[in-house]
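Work through the exercises below with the sequence and the 3D view side by side. Try each task before reading its solution.

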Amino acid sequence: MAKQLDAILQQAQQQEPISREQGEWLLTQTDTVAKEAIKETADQLRQKQVGETVTYVINRNINFTNICEQHCSFCAFRRDAESEGAYWLNWEEILDKTADAVQRGATEICMQGGLNPQAKINGSTLAYYQQLVTTIKAAFPDIHLHGFSPQEIQFIAREDEISYETVIGELKAVGVGSMPGTAAEILDDRARKIICPEKINTQTWLDIISTAHRVGMPTTSTMLSGHIETPAQQIHHFQQLRSLQEKAIQNNYPAGITEFILLPFVGEDAPQPLRQRVGRDQPVLEDALLLTAVARIYLGNWITNHQPSWVKLGLAGAKEALKWGCNDIGGTLMEEHITTMAGAKGGTGMAVSDLQNAIRQMGRPYQQRNTIYEPIVQNANTLEKV
Ligand code: SF4
């Protein structure tokens with residue numbers, strides 16, 4: 001076994017892609033010595049690929065509505081329009097939240113919401129989403145709008161009977177700067193039938209992300225882990241991300257995947273059936289860390305920025321992930337709802353100083369970045385406000 005482990009890790013160290021079988025084998029290691037060796041390799045690859053600096057972004061989540069036509073098994077955020085707790089922000093509320101974020105130094109608004117069939121202007125869903133963007137960009141032209149999952153893109157396209165390319169192109173034209181690679185969950189249709197049966201299937205997710213890259217819209221990539229998925233499905237997911245990035249590079253697309261974010265499942269307040277099936281409320285840190293390390297090794301030079309979720313793992317867990325291959329600690333978020341409503345304990349927002357202190361305690365330098373990983377010169381005045 002030690003021989004097999006050494007061979008795979010040596011191959012990874014030489015930055016040669018590892019195979020699906022090798023990746024799956026790494027994920028099934030339970031021995032502490034083996035896991036330490038995997039961690040060490042992921043950390044060394046992180047050093048080689050992106051160096052010692054840990055980055056962060058000052059951003060705010062705006063989830064403009066929780067009214068959603070779908071019923072994902074892991075989602076505690078959605079509501080029917082007439083249910084208690086349903087909300088739909090108006091333009092003024094959206095502007096107030098953006099103004100507050102800008103005042104606190106934010107460079108990014110991350111905008112996502114439920115799939116609300118009532119969200120239309122003059123009968124057009126695209127017009128409503130465009131208005132979401134222009135409302136913000138007209139008042140705050142410098143803010144980067146990171147918005148709308150592939151599921152939302154498909155929803156707009158379906159409602160207005162237009163192509164994904166048209167939706168993404170039109171949103172880009174009014175000021176969307178990048179797209180979150182959320183709604184990926186696990187890119188395996190057998191698992192999706194159980195955890196998100198109404199969501200777009202794997203191929204549609206891949207098609208929409210690839211279309212975004214082709215029209216010059218950068219995206220992130222994510223994985224929802226630690227529910228019903230198997231190691232083989234996890235590696236299959238990584239393989240599809242790797243192929244997407246390869247496709248963007250080979251075809252000379254103007255954009256690609258900027259980062260990979262692991263999102264471990266939080267079940268505490270999630271709908272009962274999936275919660276019971278998974279059988280635990282909070283993520284298992286040990287499993288998330290091994291997967292973090294294997295993500296760094298498997299995604300290799302295709303995707304070099306890796307971010308843990310402090311919302312799901314807590315800041316201490318996210319710090320630990322920085323030793324298992326991650327190089328970014330994420331964003332301030334200011335107002336996280338979706339996972340917090342599922343019972344996550346990490347908090348709803350993080351002060352810049354908390355993120356910086358966490359990184360400093362590890363003896364690593366930190367750097368504020370923008371959404372697409374370009375460094376930002378910090379403004380000392382804004383830091384006090386966040
Ligand atoms: S995860 Fe998104 S699409 Fe699924 S039910 Fe929740 S809000 Fe709706």
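A residue is buried if 20 or more other C-beta atoms lie within 10 Å of its own, exposed if 12 or fewer, and partly exposed in between, with C-beta atoms placed from the backbone. This is a predicted model, in which local features need pLDDT of at least 70, side-chain atom pairs count only at pLDDT 80 or more, and totals for chains, interfaces and linings use all residues. Residues are numbered from 1 along each chain as its sequence is written.

**Exercise 1. Find L333 and decide whether it is buried or exposed.**

Step 1: Go to the loop between β9 (328-331) and α14 (352-361), where L333 is found. Helices (H or I, at least four residues) and strands (E, at least two) are DSSP runs, numbered from the N terminus.
Step 2: Count C-beta neighbours inside 10 Å. L333 has 23, so it counts as buried.
Step 3: Check the backbone. Most residues other than glycine have a negative phi. L333 has a positive phi of about 60°, although it is not a glycine.

**Exercise 2. Repeat the check for A183.**

Step 1: A183 lies in the loop between β5 (176-178) and α8 (189-195).
Step 2: A183 has 23 other C-beta atoms within 10 Å, so it is buried.
Step 3: Its phi is positive, about 70°, and A183 is not a glycine.

**Exercise 3. Work out which side of α14 faces inward by listing its buried residues.**

Step 1: The buried residues of α14 are V352, L355, A358 and I359.
Step 2: These residues cover an arc of only 135° around the axis, so they lie on the same side of α14. The arc is that of the directions from the helix axis to the C-beta atoms.
Step 3: Recall the helix geometry. An α-helix has 3.6 residues a turn, so residues three or four places apart point the same way.
Step 4: Look at the other side of α14. S353 and Q361 are exposed there.
Step 5: G363 takes a positive phi of about 75°.

**Exercise 4. Describe the largest nonpolar core.**

Step 1: Set the rule. A nonpolar core is a set of buried Ala, Val, Leu, Ile, Met, Phe, Trp, Tyr and Cys residues joined through C-beta atoms within 7 Å.
Step 2: The largest core has 103 residues, and I109, V294, I297 and I329 touch the most other members. Helix α12 (residues 285-299) gives the most to this core, with ten residues.
Step 3: Trace the contacts of I109. Two residues are in contact if their C-beta atoms, placed from the backbone, lie within 7 Å. Leaving aside neighbours within four places in sequence, I109 contacts N59, R60, I62, T98, A101, I136, I143 and L145.

**Exercise 5. Summarise the whole chain.**

Step 1: The protein chain has 15 helices and ten strands.
Step 2: Of its 386 residues, 48% count as buried.
Step 3: Take contacts between residues at least 6 apart in sequence. Of these, 78% join residues at least 24 apart.
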